[in-house]
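Subject: Structure handover and findings

Dear colleague,

Please find the structure below, handed over for your records. My notes on what was found in it follow.

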Amino acid sequence: MLRGATVGWAVVLSAVMLTACSRSGHGRFGRENSDGDTLTMEEIYALQQRVMAAESTVMAEVRADTASHWVQHEFGWWYKYTHKSDNHMDYMGFPPMNDSICTIREQVYDLSGDTLLLDAVREFDPKQNGPFSYEMMLYELVPDDTIEMLVPWNMAYGKTGGMNIEPYTNVRVLLTRHTTPATDVEPAEEGF
């Protein structure tokens, strides 16, 4: 029980640190609200409670899926590969793609996987403040790799939502990295 409490406080501390380092408008929550006003301690605490509840909900979904081997990313979401290309390399060790724009296909579902919220092929530009979980996972993928992720709202589309995703929505995502834009699908509008 003590170890669980220690891990819980480590998650809270990580969330606080991410808050301090986050970029405005990113999927992570920041210390300013949408009007640019500084949040009170009570508001920050409420956001932290909401983050912990979201992570608990995602963890419950992982535990319910005993047929799959999920891996927890160091920043809190869960993932598994559903397809590895012939060129896939584990532990590439490349830095995040801060300057790299790539084409992705994202299929976003509610956490249970029952409702499709978004199916888009689009260019992903980390400088445009897309979902933090995408930014971190894409540098581990090579073209044609596909992963399935269970992502708490603060690491997905955040408190503002975007592109048919409601604010504060935990999501299940199928994310594929492509080399060139698809010709038969219109890229989705950027809406972060």
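Contact here means heavy atoms within 4.5 Å. Please bear in mind that the model is predicted.

I begin with D145. Apart from its neighbours within four places in sequence, D145 is in contact with Y81, H83, K84, S85, H88, E140, L175, T176 and R177. The residue sits in the loop between α3 (132–138) and β5 (146–151). D145 is buried yet takes part in no salt bridge; K84, the nearest side chain of opposite charge, is 7.7 Å away. A polar atom of the D145 side chain does, however, lie 2.8 Å from the backbone nitrogen of S85.

Overall architecture

The protein has three helices and six strands, and from the N terminus on these elements run α-α-β-β-β-β-α-β-β. Of its 192 residues, 44% are buried. The accessible surface amounts to about 10,900 Å², with 52% of that belonging to carbon and sulfur atoms. Among contacts between residues at least 6 apart in sequence, 68% join residues at least 24 apart.

Salt bridges

Five salt bridges are present in the structure. One of them brings together the side chains of E61 and R172, at 3.0 Å from N to O. This pair links distant parts of the chain, with E61 in helix α2 (residues 41–64) and R172 in strand β6, 111 residues apart. E61 has a relative accessible area of 22% and is therefore partly exposed, whereas R172, at 11% relative accessibility, counts as buried.

A further salt bridge joins E148 to K80, whose closest N and O atoms are 3.7 Å apart. Because E148 lies in strand β5 and K80 in strand β2 (residues 78–83), the pair ties together parts that are 68 residues apart in sequence. Both E148 and K80 are buried.

R172 and E148 also meet through their side chains in a salt bridge, at 2.8 Å from N to O. Here R172 in strand β6 is linked with E148 in strand β5, 24 residues apart. With a relative accessible area of 12%, E148 is buried. Through shared partners, the salt bridges join E61, K80, E148 and R172 into one network.

Aromatic pairs

The count of aromatic pairs comes to seven. In one of them, the ring centres of F124 and Y134 are 6.0 Å apart and the planes stand at 50°, so the pair is tilted. This pair links distant parts of the chain, F124 being in strand β4 (residues 116–124) and Y134 in helix α3, ten residues apart. F124 and Y134 are both buried.

Y134 also pairs with Y157: their ring centres are 6.3 Å apart and their planes stand at 85°, so this pair is edge-to-face. The pair again links distant parts of the chain, with Y134 in helix α3 and Y157 in the loop between β5 and β6 (171–178), 23 residues apart. Y134 counts as buried because its relative accessibility is 1%, and Y157 is buried with a relative accessible area of 4%. Elsewhere, F75, W77 and F132 form one aromatic cluster.

Yours sincerely

Key. Residues numbered from 1 in each chain as written. Predicted model: local features only at pLDDT ≥ 70, side-chain atom pairs only at ≥ 80, totals over all residues. Heavy atoms only, no water. Helix = DSSP H or I, 4+ residues; strand = E, 2+ residues; numbered from the N terminus. Buried < 20%, exposed > 50% of the residue type's maximum accessible area, 1.4 Å probe, protein only. Lys, Arg positive; Asp, Glu negative; His and termini not counted. Salt bridge = Lys/Arg side-chain N within 4 Å of Asp/Glu carboxyl O. Polar contact = N/O pair within 3.5 Å; in protein donor to acceptor, adjacent residues only side chain to side chain. Areas by Shrake-Rupley, 256 points an atom, 1.4 Å probe, with all protein chains shown as cover. Phe/Tyr/Trp six-rings, centres within 6.5 Å; stacked < 30°, edge-to-face > 60°.
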